[in-house]
Structures are given as structure tokens and as C-alpha cells.
Amino acid sequence: MSVTNVLISGVGGQGVILSSELLALAALAAGLDVKQGEFHGVAQRGGAVFSHVRFGEKVHSPLAPRGQVDFLLALERLEALRYAHFVKPGGTVFVNDHKVEPIRVGDLRPYPDEAEGFLGQKGFEVVEVGATQKAIELGNYRAANVILLGALATRLEIPEEVWSETLEERIPPRLLELNRKAFLAGGELVGTPVSGV
Amino acid sequence: MARKLMSGNEAIAQGAWEAGVSFAAGYPGTPSTEVLESLARYDRVDAHWSTNEKVAFDEGMGAALGGVRTLVTMKHVGLNVAADPFMVFPYAGTNAGFVVLVADDPGMYSSQNEQDSRYFAKMGKVPLLEASDAAEARELIKFAFDLSEEFSSPVMFRTTTRLAHTRGLVDPGDRTDRERKTFQRDAQQYAIPVYARLRRPELEAKLDTLREFAEAFEGNFIEEGDPTVGVVTHGIPYQYVKEVAPDATVFRLGMLYPLPEKKLREFCARFDTVYVVEESEGFIQQEMAAFGILNVVGKERFSNIGELSSDLVAQGLNGIPVPDDFNQEVAVLPRPPKMCAGCPHSGAFSALRKLKVLVTGDIGCYTLGCLPPLSAIDTTFCMGASIGNATGFKMAGEEKVVAVIGDSTFLHSGLPSLMSAVYNRVPTTMILLDNSTTGMTGHQEHPGTGQTLQEAPSPSVDFEALIRSIGVEHVTVIDPWELKDLRVAVKEALAHPGPAVVITRRACVLLPEEKAKDRIPFWVDEEACIQCDYCMESGCPALIMKGEYPWIRDWECIGCAICAQLCPVDAILRVEETAGVPAGEA
């Protein structure tokens, strides 16, 4: 069995690390080898954050090689562009329809509003997900990360009961219901929800 | 016990606990911090934050000599601080197992330099172990304590950011409790300066026995594969080799000092050319060259700058070029970290910027004060350097210099520099940015916070009294959200004929008790705004340009009023001070 590579990117504070931990825990519960490598040093201060989650029969490197990522989950549009070169030809990019202007140091080019179009031209399958908008509707804009994870789950062969148990294991009880709803909403937004969560 | 997902740092804590560690000490430093934080959650082990790495090391030596297994943790630059005891402890040797965990940061994700600490092991004649993933780290650190006791030597356990912060599957085990070993008083072994000449040859003899051990050590293993491709590697780079050259014959080193010369020689004799895939400097390659093993390609193909990756290893081994990112085709703008909305340090830097003084900085979140738009720091080097640097600038004739240093860093290594300024009658001006925590590394307690690592209450340093007691006559305490007061205080401090200290006191806005406070945000009255952009100089992330006017993201604004004080026309108002606030966007 080959290794599935997922890269999750976003801005510090968006929950990149939590969503990648959930994915890694789900892969573990599904009986797979898993490694999750991340950069979180500046997470609390609004810097760019990424995390690689790799699972399969045997995983070596904590980070996926460039051009081999199956799924990129970007919690912010610029952060989709930053890591898109890791995605394999024809691979899938889930992009949250959300923009956070970075502070300007040196590079004065305008913010790339054309992210989705560019990625489409590069031959990637681009799935736009209104995750932040949906999260606000659910009552907490921070749930966008789990909404995106719910969207990704529709493409993975991890059983639905594993997702349910993983959320229960990792999410504090007071936030569990919100996150269940968010996970389900992610699947609904891309058309084929993973039910029973 | 069930298999668990653990980071390298968590696995090291687990392994150390299983090994029966009773005492652990360290100072926070990315990427090492979580080892001690994790260990603090176990029973039967006392883990504590020391004021700096040398203190941690000294305490650890005492505990290990006193008979209990001891772990000391630090990042690479922390080992520089602890280098003094690190170099001399091997002359004595240990009683109970002593392991120093040192976390290097190739790529400088959270560090001021890129340092290959393996050279310290060689210089100190200390055995050095490295693991390749979390599961192995758990096992290897357990073994490190056995090794330490078998050879009566401190053992260095080196990790890197990638190992420390990668989660993998670990099978936790049970703890083996250890009897406290008796310390046999013997000045000839432990009073080193007097007996150093006696001890010196013994250190060499011990190193020879360690060299023999390295030849048989099963952590140095060969995985047979293609008989024409030989690779020598270690640590995380081993994983990259397995990823991109799964068929190669691989010699994986788990003990990096001393190296198994005989085994390496035999291995290399089997191949025309052997690739040495190592991260950072060519340490293994240089050692092999010293052994006379020269059919080796290493740093010629694998840069000593930055972190390695599967891609870079594929490029070095197989000549496959690393694919470019898309920054040439589309604006992949950098997204550096920034100070938080309402950060007390922003207030201090907004005030300093106006005063146009030369600012020597230090290590912490406030290092970010050198970035635009604040651009308020002129130099930053290492922990505690700001004060000595400011004194030096004064000695060179610079008139207006201010050192800025955080509370934790001041206690770590700032205090001796301030005493030196006082003692030598140099009128050094210092701002102590007291945010009541160790911010950058994720809010660790320190001797000024009134809490231990386990959040038990403890005495807290009275900074004013401490600073006065060493002879600083001019000490003021200011709320850094009050910009005018702060400017006045700094001006007065600069005018004072002797050393002077301004303490800016306000808790980090990310601390839970601060986050829980009710805040009234501000908004920009576009009709009053004259578009001078002075408010934008605060560098506040809650303040963005929306069209031609500044605009405040009210869900991020915590109501510090720094921007409102920078506004010359009072166009930035508290939400409650006016009716009809324009509706914001998400």
C-alpha cells in the first residue's frame, strides 16, 4: 500500500496543527503507520504555519517530497499558493475562501487574489470551500479547520466511525458538538458528506 | 500499553521517565521546550525550569552525583551557555545516569544561528547519541542513561527541530524505579581544578573504551541493499535516504561520537564511493577523513546551510533537481510572524521609535520589533546581550542608547551585565519589558512569575528591589499602553547621569487570564481621519487598510488604545464612545 500525503497550511491561530493532529490520530486508529511533521514556532504570532500528515503501511520522512502531496488543505488563499508546488500533478487543493493580508516586508506585490485560477491553470483539481463563512454560521469562525477536514474526509478511505471516535478523543467535551457539526458541514459543502459523525 | 501518537519531544520525556529519571531541569528554548513540559506531567520525577542552562546543568550534575538519574534540556544556544560545566563534568564522570538533551535548529526556524552541536561532544569528549524518529528516541534515551552509568560519563542526546516536532507512533512502556546511588566523597575525583592533571589521562582512557563500545553498538547498524550504492547517514536524514533511495545499502549511525572507525572502514571498502548524508556540517565526513577514509562524497553534494529534505537528498544522491515553488509566477508573499494586537511590547517600541534612540535588543517576542513598521531595534544577538551591548556603545561614545530586554531573559543572563554597568559607572539605560512570562517559547513560568513549572505557587522576584539593590538609583515602572508616560520615562532615564531602568509592566495578552478579560474595541471615524497613517506605525495586526482609510478588525482589537494615542486628530475611538459604529465585515 502506498503512502497518502496530506499538507495542511494556514495562518497562525487558524488551527492547522489541531486539524493535522486529528487526521494523524484517525490514521492511527485506522491501523496505519503515520507521521506528522510541522512548523509551529511562530504559530501564535500570525506567521505562516504548515503541517504534513503522511500515512500508509510504512512512512519514513516526516515531510512529503515536493510534487508528491495528494491533498493540500489551505485555510487561507495565499497559503495555498505557498505550498502548492508540493502537490502532485493532478492532485487536489482544498482552498478556504478566506484572505488574511500579511504584513509587508520587502515584497510589495499586491495580494494574489487570483489564487484559485492560478492553481487551476497548473492542472490541480481546485475545490473551493467556504469554510470560514460556514464556521461563522455555526457560531465560531475558528471551526473552519475542521470543516476543511470534513471536506477532505470524503476523499479518504478512513471509516466514518473512526472519525467520530477521533473527534471524541481529541476535542474537549464543550466544543465536541460544534466540531461534529463542522466536520459534517465540510462534507456537505463538497457534496458527499461522511455521515454518522 | 496502547500505541500512541507522540512528538519526538514527548517520546523523549516518556523514555526518560521509563528510565527512572528522578530530576530534570532546563531552560525553555525552541525546539527543546516540550521535553521538560511533558516530563512535568509524570509522577515520580521532579522537573523544573532553571534560570538558565548553566544553572540547569550545574543542578543536574549535583543531582546525578547525588545518586539519581537526571535529564537536563536545552536548545543549541543553551549549550553555549552551559558549555563551562559541559566541558569539565567529563573529567569527573557521573555517579547516576546523566543525559543532556540538546536540540539543534537546522534552518533556523526559531533561532539566531545555525549550530551543529555535535562538535561540542567531540570537544568535551562526551558520547553522543541521535535517533531517527520518535519511537527510536524513546528507546535510545532509555539506553543513554544505561550508557552514562556503564561508562560513568555524561551522555549527550542530540535532536533537531524535525525530530523534536514530528509526531510518530510510539509504544510506551513502564517505568523502572531506581535506587538512589550513594555518593562516595573523593576530592581527587570531584574537585577538578586541583586534580585536573590527574584526571586528564583517565578521560582519554575512557574515550578509548567508548570507541570500542561504538564498534559493537547495535544503534550503529547496516541495512543491506544494492551492493553498488553505499550511504552513511544518521538521525532524520536517514529517513530522507530511505524515502528516496530505498534500495541503497545504508550504514545508519546512532552514536555520532565517538564513531566506529573499524566498522566504517570495512563498510567503505565495499564501495567505490560512499555517500555521507548528514545535516548541517560535515562532522561525520571530517571524522572519516581523519580516519583516512577518503572514498567519500558528502558536503560536496549536501549543503551545510539549512535543513535537508527528501528533495535535497534526492538531488544529492540521484541528481534529481528540486522542483521550484511558484513565487516567480504568482505573488507568494512572505508572511512573517508579528506582534499580537495589544502586545505591551508594541507600546514600548512605538514610544522608542519616536525618540529615535539607538536600541540594542535581546531574545524574545520583542525581537520582532526590528521589523517594519516598528523598525525600533538596531541590534540583537543572543540571550542577555542587550545590556552589555548598550554599555559598549556608551563606551564608544554613542550618546543615546537604550537596551530592551524581557523579564525572563533579564533573569537568564541580563543581571550580571547590569551590575557591570553599575560597578563601572557607565550610564547605561535599560528597559525591562516585564510581561510576566516567557512569551516566545509559549508561556513558561520563571522566577519572576510566582509559579513553578507545575504551576505551584513560589516566591516571585521583586524586579524594582532587585535592580535598586545592585545600585541603580533611577528605577521607574510604567504601563506600556500609556505611550506619553513611557516617552517621558525613557527621556528621564536617558537624562539620568547614572545607569537607569524603566520597567514596562503589563502581562502578555496571550496569557489565559488576560484573554479572559472583557475588552472594548476601537473603530476609525473616517470623517475625522486625515489619512496620516500614523496609527499604522503601531504594527498592530488588528489594524488594516480598507480602501483609503485604516480599519480596525474589532474581533481582534483588544482595546489597548496604542493606535488611538498615535492618532493626531482623535479619529480612533472606543466603540462605546459613539453611536452608529459602521458594520464590519468578517
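Mentor: Happy to! Helices here are DSSP runs of H or I with at least four residues, while strands are runs of E with at least two, and both are numbered from the N terminus. Counted that way, chain A has 7 helices and 6 strands; do keep in mind that this is a predicted model. Along the sequence, the elements of chain A come in the order β-α-β-β-β-α-β-α-β-α-α-α-α.

Now for the overall dimensions. The C-alpha trace of chain A spans about 45 × 40 × 35 Å along its principal axes. Chain A has a radius of gyration of 16 Å, which agrees with the value near 16 Å for a compact globule because that value is the one that goes with 197 residues. Of those 197 residues, 59% count as buried. If you take the contacts in chain A between residues at least 6 apart in sequence, 67% join residues at least 24 apart.

Next, the partner. The contact takes 45 residues from chain A and 41 from chain B. On the chain B side, strand 8 (166–170), helix 11 (235–244) and helix 14 (310–318) each supply at least two residues. That side of chain B has 24 nonpolar, 8 polar and 9 charged residues.

Terms used: Residues numbered from 1 in each chain as written. Chains lettered and ligands numbered in written order. Predicted model: local features only at pLDDT ≥ 70, side-chain atom pairs only at ≥ 80, totals over all residues. Contact = placed C-beta atoms within 7 Å. Nonpolar A, V, L, I, M, F, W, Y, C, P; charged D, E, K, R; others polar. Rg over C-alpha atoms; globule rule 2.2 N^0.38 Å. Buried ≥ 20, exposed ≤ 12 C-beta atoms within 10 Å, placed from the backbone.
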